[in-house]
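Me: I would like to go through this structure with you, step by step, beginning with a single residue and then turning to the place where the chains meet.

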4 protein chains.
Amino acid sequence: MYHKEFEVRDYELDLQGIVNNAVYNNYFEHTRHSYLKSIGLDFAQLHADGIDAVVVKMETEYKNSLKSGDIFRCSLRVEREGRIKLIFYQEIIRDTDQKICAKTRVTVACIKNGRPIEPLQLIERMKL
Amino acid sequence: MYHKEFEVRDYELDLQGIVNNAVYNNYFEHTRHSYLKSIGLDFAQLHADGIDAVVVKMETEYKNSLKSGDIFRCSLRVEREGRIKLIFYQEIIRDTDQKICAKTRVTVACIKNGRPIEPLQLIERMKL
Amino acid sequence: MYHKEFEVRDYELDLQGIVNNAVYNNYFEHTRHSYLKSIGLDFAQLHADGIDAVVVKMETEYKNSLKSGDIFRCSLRVEREGRIKLIFYQEIIRDTDQKICAKTRVTVACIKNGRPIEPLQLIERMKL
Amino acid sequence: MYHKEFEVRDYELDLQGIVNNAVYNNYFEHTRHSYLKSIGLDFAQLHADGIDAVVVKMETEYKNSLKSGDIFRCSLRVEREGRIKLIFYQEIIRDTDQKICAKTRVTVACIKNGRPIEPLQLIERMKL
């Protein structure tokens, strides 16, 4: 399981004083891209090579709100689904009380020349 | 069914040249808040009154990418689930070809003093 | 003088309940790109053609805060400075009281193959 | 001089593959708020206490573009101007080549009940 540590930045809060739901997608994405880097892959380089990893589905539960100053970890576990899809299971866990603030199931597909491809390069590195 | 028209803004695109998945949450939220306004409710005023509408779940499918210059409509339909929850069904439909770019099912709960409440004020105005 | 109308979106507010200063850059940029479109130019197409318009300097004054629900116009006037630079003068004026909320002076240069170029295509269309 | 380390997150890039100019405001702000925390002050707490630190002016030069994967430091030095204003001098310096990517001069005022106040609490902690 891969982990990435974050701290809430005040510009990520909305008028309710909590992290806006869209920002969790940013946290989840940055964790996925950091994970890719940790196994020798690079999102920007993949794009330059003509391979675009795109999110096709997200199922997210928001359980506890993150607030100003909160430190948290975003976890990541990846599975394969069928020939084409990768499923990322991710959780955001607040440091102070170890509570899950959000969890998501992200379905990703790789696109080349506008068509889904089997993500061989990724699967190999991810040892799936 | 409520609709809100948008145009893609270039700062919403990522290095793939498509609207980043987090930005769809922004579109969906702005449409919900505009809908509230259209029925005489106000998200910021609700917050000032101590009632916070919070997203507890989002299930989003990304079907076609939005690009620079795209015009689209975001639709909204709302249902009640149980005593506490409101479910918003929303779709983003591109103008040029009427294709669905994204669709979501958003579960919202209202919180007062840290506890979920029956959203009576909203239900009445929404005629649910 | 070019104008673009906007409404504040609640996700653009921070915990102070006012539009975060970074978001004004978004408003200013979207107005510049809309202006380009209005004179037959396209920021994304320019990039695809190898020409990148980049901001090299911004001098912004924040005079009055935008809040939830505010409608405003962003104005734009452009001048040339020397052979290379374009200067955009932009103001954000709130509808309700016609007060200036922010004003900026944006210096833009065009880059091709990593080097500044004379923005001939832009200058011609902008009639500078 | 205060420093804060960052890494570029891919959602901060625009279609040119470089960090969008608005995002630098985010970096600068997060550095200022982290600095406040380091001297025992808290932006969110100040707001809860009725004191709002607001940016009234920013003069920013963008000198080199940040790209995917870049690590950088944001520096901060603060001075007083007159009785009311604080001036933050901030620079963003890329790790790989120690080049300045952006530098800014940010004028901040503190507002209480809608009026500027002498920021005594801040001045004392900042030893100005």
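Me: In which loop is the place of B:Gln16?
Reply: This is a predicted model, in which local features need pLDDT of at least 70 and side-chain atom pairs count only at pLDDT 80 or more, while totals for chains, interfaces and linings use all residues. Residues are numbered from 1 along each chain as its sequence is written, and chains are lettered from A and ligands numbered from 1 in the order in which they are written. Helices (H or I, at least four residues) and strands (E, at least two) are DSSP runs, numbered from the N terminus. B:Gln16 lies in the loop of chain B between strand E1 (2-7) and helix H1 (21-38).

Me: Is B:Gln16 buried or exposed?
Reply: A residue is buried if 20 or more other C-beta atoms, placed from the backbone, lie within 10 Å of its own, exposed if 12 or fewer, and partly exposed in between. Because 21 other C-beta atoms lie within 10 Å of B:Gln16, this residue is buried.

Me: Which residues is B:Gln16 in contact with, leaving aside its neighbours within four places in sequence?
Reply: Two residues are in contact if their C-beta atoms, placed from the backbone, lie within 7 Å. With those neighbours left aside, the contacts of B:Gln16 are A:His47 and A:Asp52.

Me: Which element supplies the largest share of the side of chain A that touches chain B?
Reply: The contact takes 17 residues from chain A and 17 residues from chain B. On the chain A side, helix H1 (21-38), helix H2 (43-48) and strand E2 (51-62) each supply at least two residues. The largest share, 9 residues, comes from E2(A).
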